Amino acid sequence: GVPQGGPLSPLLGNVMLNELDKELERRGHKFVRYADDCMIFCKSRKSAERTLENIVPFITGKLFLKVNLQKTTVAHISRVKYLGYGFYRFKGKCRLRLHPKSKAKMQKKLRELTCRGNRWSNPEREQKLRDYVRGWMNYFRYADMRALMAKTDEWLRRRIRAVYWKQWKRVRTRYRIFRALHLEEWRVHELANCRKGTWRAAQMLRSVLTNKILEKLGYPSMLSQYLKVAENL
């Protein structure tokens, strides 16, 4: 009868599932549990299937809890998604990475925050991006994703430049801004009269709206933020 997502729900969930922890310890299993999300580690697939067959009746029969059998599966650790993280082996050790589904979700959110049609002011967009990147990075700081963050930075900056290019839709506006940035006159003329599409023009703006300028404007760098908070560099 407790609403899902309420503050009391995880507390009561931990109270109920504490008995599951004790049972798994009694059986000698290695496991990890966060609220109602649990992984049990076994040496082989047969052992994992046997454990699943034995532990589900305990949860349903002893604890009187329902088990979502569609989400409860036996899989190799490299194919598991747990709390947004994925796993891989490196030099004999298990390491954390960003799961592909978490990556897709992150990119979708960044697209929403850099959408050219959301009618936000530039300071408002900057603040929303900073807040999202800070919170997201603090959560995924244990993942190995330095190369991914560098690649994401390039893509995100290009989307930001596309936003500005769309705002500078008038040729005279482009002339005024490019001259204020002290570009050579031939370069000002070339860029101001550009007739390429928005995405292609955004790439050309790399020499105008440089990374340093975007940083001064307040836009976050995924890689810089990651290097500040990463736990496993």
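This is a predicted model: local features need pLDDT of at least 70, side-chain atom pairs count only at pLDDT 80 or more; totals for chains, interfaces and linings use all residues.
The largest nonpolar core of the model comprises 38 residues. Within this core, the highest numbers of contacts belong to Met 106, Trp 136, Met 137, Met 145, Met 149, Phe 178 and Met 222. At least two core residues come from each of the helices α3 (100–113), α4 (122–139), α5 (146–167), α6 (171–180), α7 (185–192), α8 (198–204) and α10 (222–229). The greatest contribution is that of α5, which provides six residues. As for Met 145, its contacts beyond four places in sequence are with Leu 98, Trp 136, Met 137, Phe 140 and Tyr 226.

In α10, the residues Met 222, Gln 225, Tyr 226 and Val 229 are buried. These residues lie on the same side of α10, because the arc they cover around the axis is only 100 degrees. The cover over the buried residues of α10 includes α3, α4 and α5. In α7, burial applies to Arg 187, Val 188, Leu 191 and Ala 192. Their arc around the axis is only 120 degrees, so they too are placed on the same side of α7. Helices α5, α6 and α8 are among the elements covering the buried residues of α7.

The second largest pocket has a volume of about 320 Å³. Its lining is made up of 17 residues, of which Glu 215, Tyr 219, Pro 220, Ser 221 and Ser 224 are the closest to the pocket centre. Two or more lining residues are given by each of α4, α5, α9 (211–217) and α10. Helix α5 accounts for the largest share of this lining, with four residues. By residue class, the lining of the second largest pocket contains six nonpolar, five polar and six charged residues.

Arg 157 is located in helix α5. The relative accessible area of Arg 157 is 19%, and this residue is therefore classed as buried, the cut-off being under 20%. Apart from neighbours within four places in sequence, Arg 157 contacts Asn 211, Leu 214 and Ser 221. Of these contacts, Ser 221 is also one of the residues closest to the centre of the second largest pocket.

Asp 21 belongs to helix α1 (residues 8–26). Asp 21 counts as buried because its relative accessibility is 13%. When neighbours within four places in sequence are set aside, the contacts of Asp 21 are Phe 31 and Arg 33.

Leu 65 is situated in the loop between α2 (45–62) and β3 (85–90). With a relative accessible area of 26%, Leu 65 is partly exposed. Neighbours within four places in sequence excluded, Leu 65 is in contact with Met 16, Leu 17, Ile 59 and Thr 60.

Note on methods. Residues are numbered from 1 along each chain as its sequence is written. Side-chain values use heavy atoms; hydrogens and water are left out. A nonpolar core is a set of buried Ala, Val, Leu, Ile, Met, Phe, Trp, Tyr and Cys residues joined through side-chain atoms within 4.5 Å. Buried means under 20% relative accessible area, exposed over 50%, partly exposed in between (1.4 Å probe, protein chains only). Contact means heavy atoms within 4.5 Å. On a 1 Å grid over the protein atoms alone, a cavity is a set of points where a 1.4 Å probe fits but cannot get out, and a pocket is an open set with protein on both sides within 12 Å along at least five of seven lines; lining residues have an atom within 4 Å of a point. Grid points are joined across faces, edges and corners, and a volume is the space filled by probe spheres set on the points. Ala, Val, Leu, Ile, Met, Phe, Trp, Tyr, Cys and Pro count as nonpolar, Asp, Glu, Lys and Arg as charged, and the others, Gly among them, as polar. The arc is that of the directions from the helix axis to the C-beta atoms.
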